[in-house]
Amino acid sequence: MSVLIIEAFYGGSHKQLVDLLQEALENCVLYTLPAKKWHWRARTSALYFSQHIPMSKHYRFMPKHKTRHLQKMLSLKGNDTEASTLVLPFQREQGSPENVLKNFDAEARPCDAAQQENLGSSVMQESSLKTYNASNNSSSYHGESERNPRDSLSGGDDQPRPLHIVWPHRWEHDKDPESFFKVLMHLKDLGLNFHVSVLGETFTDVPDIFSESKKALGSSVLHWGYLPSKDDYFHVLCMADVVISTAKHEFFGVAMLEAVYCGCYPLCPKDLVYPEIFPAEYLYSTPEQLSKRLRNFCKRPDIIRKHLYKGEMTAFSWAALHGKFRSLLTTEPREDL
């Protein structure tokens, strides 16, 4: 039997997980869509894949009783006939589903382990995050490097350094950069000294808040944009003190885990996937709480630099997870799954 892997957002941490699954599974077929416009991927990718993935009895898929339930929910007629027309919320603006699907630029191919890139990272080897290789820092847009991070971050420990804040996320609205920069500007208005590195993946449409904030933050910026070198990316994480998430949408939280492994103190929303990963000490409920924590850190960055992370990291290693994924995807399905 074959395992069918479908990934509608083939980039960043999603791509890295799928690539690792391809390495772990001997017989699989992969269908993907490029990692852009995730909100449209969520709305329309199922329709696209239903029209482009051929039926095969060799795929290991969901149990039949769940397939029948899904067919009933979607008013499908079965494998020998096409699905009935679904009324989608975007059709009034976008026209027919065919017009929407023309914008997808799909990529579909069988799994070929020989063609997979080497995912090993010298920085993360044998670490709890060796599987992820800078998940949110792989972008076609190179951004702007304010200075060589090896030069700007190489001060000795005996030299007083301002708090270094890093934000390593996609430059899109669902990561809520507006809230992040609003907090930073409040710190600046209070006269507090800090440095900031804004890393991460960038797409065609960059929210205006990034250019506006870069200008307003001025000399507080250490780095702005994509780092082509993974070593430089991890170097920035290792030299940063605090890693921030302001996300409104998050499945994995890999960028935060990478930064924590590199020694950063995490501050995350008490929402989404974060409470499953981080102890309560590292969670905040409101932007005001985030601002208060950062104000204290700016005044005493030495406390953060001496802090030892109190959470668990080994549970997220590929060594701990790959067997579970393999078992899940290769064990014969039961009716009660």
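Helices (H or I, at least four residues) and strands (E, at least two) are DSSP runs here, numbered from the N terminus. This is a predicted model, where local features need pLDDT of at least 70, side-chain atom pairs count only at pLDDT 80 or more, and totals for chains, interfaces and linings use all residues. Residues are numbered from 1 along each chain as its sequence is written, and side-chain values use heavy atoms, with hydrogens and water left out.

Start with Ala 240, which sits in the loop between α9 and β8. Ala 240 is buried, at 4% relative accessible area (buried means under 20%, with a 1.4 Å probe and protein chains only).

| Residue | Contacts |
|---|---|
| Ala 240 | His 164, Val 166, Cys 264 |
| Leu 294 | Leu 163, Ile 165, Val 183, Leu 187, Val 242, Ile 244, Leu 267 |

Leu 294 and Phe 278 have the most contacts inside the largest nonpolar core, a set of 52 residues. Such a core joins buried Ala, Val, Leu, Ile, Met, Phe, Trp, Tyr and Cys residues through side-chain atoms within 4.5 Å. Helix α7 (residues 177-189) gives this core its largest share, five residues. Another core, of 13 residues, lies apart from it and includes Val 3 and Tyr 10.

Finally, β6 (residues 194-199) and β7 (residues 221-224) pair in parallel over three bridges (pairing takes at least two DSSP bridges). Val 198 has Trp 224 in β7 as its bridge partner.

How values were computed
Buried < 20%, exposed > 50% of the residue type's maximum accessible area, 1.4 Å probe, protein only. Contact = heavy atoms within 4.5 Å. Lists of a residue's contacts leave out its neighbours within four places in sequence.
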